[in-house]
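Subject: Structure handover and notes

Hello,

Here is the structure we discussed, with the sequence. My notes follow below it.

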Amino acid sequence: MRTAYSVQTVRAAERALMAKLPEGALMQRAAAGLAAVCADVLRRRGRVYGSRVVLLVGSGDNGGDALYAGARLARRGAGVRAVLTSPGRAHEGGLAALLAAGGRVAEDGRGAEEWGGHIELVVDGITGIGGRGGLRPDAAELVRAFEATGAAFVAVDLPSGVEADTGEVFGDAVRADATVTFGAYKPGLLIDPAADRVGALHLVDIGLGPELPDVPDLEALQYADVAALLPVPGSESDKYRRGVVGVVAGSARYPGAAVLAVSGALRGGAGAVRYVGPGADAVIARHPETLVHAGPPSKAGQVQAWVVGPGLGDGTEAVEAVRGVLAADVPVLVDADGLRLLDATAVRSRTAPTVLTPHAGEAAALLGVPREEVEAGRLAAVRELAARYRATVLLKGSTTLVATETGHTPVRVNPTGSSWLATAGSGDVLSGLTGSLLAAGLAPRDAASVGAYLHGLAARHASNSAPVAAQDVAEAIVAAWRDVRA
């Protein structure tokens with residue numbers, strides 16, 4: 001599992017570790033890891049010896065990391081120039097090491113012109129994890145000048161100009177081809193919009209692990225974590241012991257939403273799917289194994305979890321369906337139209353778990369803020385929604401986040417997201433899949449996290465870098481499940 005920690009936590013761990021090590025040892029560990037990644041980038045672009053490298057060096061410790069790494073590259077035969085964004089405030093030891101190794105300094109920023117613009121690598125050491133706000137105008141102009149050379153950018157710890165704790169981007173920021181972070185991941189490296197600027201992400205172990213707390217701020221499940229959570233039927237299992245999920249979805253206008261939600265539910269690990277709504281004919285035509293009922297949900301039979309909302313519309317029957325499902329004493333997942341129709345007080349007063357699965361627009365409506373505010377500050381939005389509605393919230397988007405109302409529980413970020421999921425009906429499939437995992441016995445946070453993981457993995461299977469429809473994603477869930485179990 002990948003774990004990420006706040007700047008405050010990382011700083012405290014660094015201080016504790018530095019107290020046990022010789023002076024400068026921690027920076028040398030970081031610089032060695034950074035230099036190794038830079039050398040690998042240079043080899044893929046040609047070679048290390050004779051390559052041209054520019055260091056953009058700020059006044060902080062990550063500027064020192066860049067300088068020491070530059071010295072290591074210079075000793076391997078690279079031509080290295082340092083451009084100091086704060087002349088007179090650069091790390092003294094790192095600057096001396098670079099000069100001793102044969103590197104040079106271009107304080108006026110003319111590093112590109114010295115080589116006629118032919119540069120293989122730019123190392124971004126302008127601001128560190130403590131930086132706030134976007135790049136200053138002069139630094140932003142400098143970055144644009146070097147971007148124009150076509151050189152690869154490697155960021156030190158995180159791309160300068162992004163917020164380490166939140167993933168927010170205020171103003172100009174570096175867009176890296178690779179980012180080398182030290183000791184621990186920072187939340188902003190895993191959450192958009194900042195994550196979109198990270199490139200290939202490398203973690204350098206500098207010995208920080210024993211100094212970090214057991215509970216991180218953010219975590220991302222990996223294959224092994226998901227495999228351990230997947231429901232697997234035992235020898236005594238039957239379709240009812242495996243769990244039954246109820247799906248209330250679709251309408252005369254949107255019958256396809258019912259089919260897609262049921263498609264996801266059938267592949268989610270529960271033993272049976274009950275469908276309630278006007279789309280029964282379409283559902284049975286596609287999935288004859290589905291148990292259908294005209295409604296209301298309370299009369300449909302026993303279920304271990306409900307999914308309500310996809311394609312319901314906003315008529316009287318839809319309002320009653322949402323109200324009836326929320327009154328049930330089983331886990332409930334609310335999506336799409338159900339989010340517009342739910343009563344916040346009814347959600348907060350439930351004793352059984354509730355999972356809300358909004359996209360940014362729906363989250364904005366639930367919070368009463370502009371959509372742009374949610375998209376820019378996804379971490380704050382998902383935490384606020386979970387606290388306000390006393391629910392587990394899966395915030396869909398470029399990086400899907402899962403939060404619970406319990407403040408000390410780490411937010412989960414899904415690492416398998418794909419832009420191919422931006423297609424009509426994809427969210428309906430995710431709702432059914434996640435609801436089925438709830439019915440199969442997974443805790444709400446785990447069901448949401450595993451559902452998002454399989455959903456993203458299925459999209460990669462289905463798309464193969466080509467356009468994909470929601471039903472293709474549903475059908476590829478089986479392949480994603482096999483991948484994880486392999």
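Which element gives the largest share of the lining of the largest pocket? That element is H16, with 4 residues. Please keep in mind throughout that this is a predicted model.

The pocket

The largest pocket holds about 730 Å³ of space. Its lining is made up of 33 residues, and those nearest the centre are His359, Lys396, Gly397, Leu421 and Ala422. Two or more lining residues come from each of H13, helix H14 (371–376), H16 and helix H17 (444–463). By class, the lining of the largest pocket divides into 10 nonpolar, 15 polar and 8 charged residues.

Helix packing

Helix H16 (residues 426–439) packs on helix H18 (residues 470–485) at an angle of about 40 degrees, and the two axes are 8 Å apart. The crossing of H16 and H18 is right-handed. On the H16 side the contact is formed by Ser426, Val429, Leu433 and Leu437, and on the H18 side by Ala470, Ala474, Ile477 and Trp481. Sorted by class, this contact between H16 and H18 has 7 nonpolar residues, 1 polar residue and no charged ones.

The other pair is helix H13 (residues 360–367) with helix H15 (residues 378–389), where the angle is about 50 degrees and the axes lie 11 Å apart. Angles from 65 to 115 degrees would count as roughly perpendicular and those under 35 as roughly parallel; H13 and H15 are therefore oblique to each other. Their crossing is left-handed. H13 brings Ala363, Leu366 and Leu367 to the contact, while H15 brings Ala381, Glu384, Leu385, Arg388 and Tyr389. The contact of H13 with H15 has 6 nonpolar and 2 charged residues, and no polar ones.

The cavity

How many cavities of 30 Å³ or more does the structure hold? There is 1. The space in the largest cavity is about 50 Å³. Its lining consists of Leu221, Thr400, Val402, Arg412, Val413, Asn414, Pro415 and Ser449. Of the residues lining the largest cavity, 4 are nonpolar, 3 polar and 1 charged.

Backbone points

Some places in the backbone are worth a look when you open the model.

- Asp192 and Pro193 are joined by a cis peptide bond, with omega about 10 degrees. Pro193 sits in the loop between strand S7 (178–182) and strand S8 (200–204).
- Gly295 and Pro296 are also linked by a cis peptide bond, with omega near 0 degrees. The loop that holds Pro296 runs between strand S12 (291–293) and strand S13 (305–308).
- Asp157 is not a glycine, yet its phi is positive, at about 75 degrees. Asp157 belongs to the loop between strand S6 (152–156) and S7.

Regards

Key:
Residues are numbered from 1 along each chain as its sequence is written. This is a predicted model: local features need pLDDT of at least 70, side-chain atom pairs count only at pLDDT 80 or more; totals for chains, interfaces and linings use all residues. Side-chain values use heavy atoms; hydrogens and water are left out. Axes are lines fitted to C-alpha atoms, for helices over the stretch in contact, and angles run from 0 to 180 degrees between N-to-C directions. Angles under 35 degrees count as roughly parallel, over 145 as roughly antiparallel, 65 to 115 as roughly perpendicular and the rest as oblique. A crossing is left-handed if the near helix is turned anticlockwise from the far one by less than a right angle, and right-handed if clockwise. Contact means heavy atoms within 4.5 Å. Ala, Val, Leu, Ile, Met, Phe, Trp, Tyr, Cys and Pro count as nonpolar, Asp, Glu, Lys and Arg as charged, and the others, Gly among them, as polar. On a 1 Å grid over the protein atoms alone, a cavity is a set of points where a 1.4 Å probe fits but cannot get out, and a pocket is an open set with protein on both sides within 12 Å along at least five of seven lines; lining residues have an atom within 4 Å of a point. Grid points are joined across faces, edges and corners, and a volume is the space filled by probe spheres set on the points.
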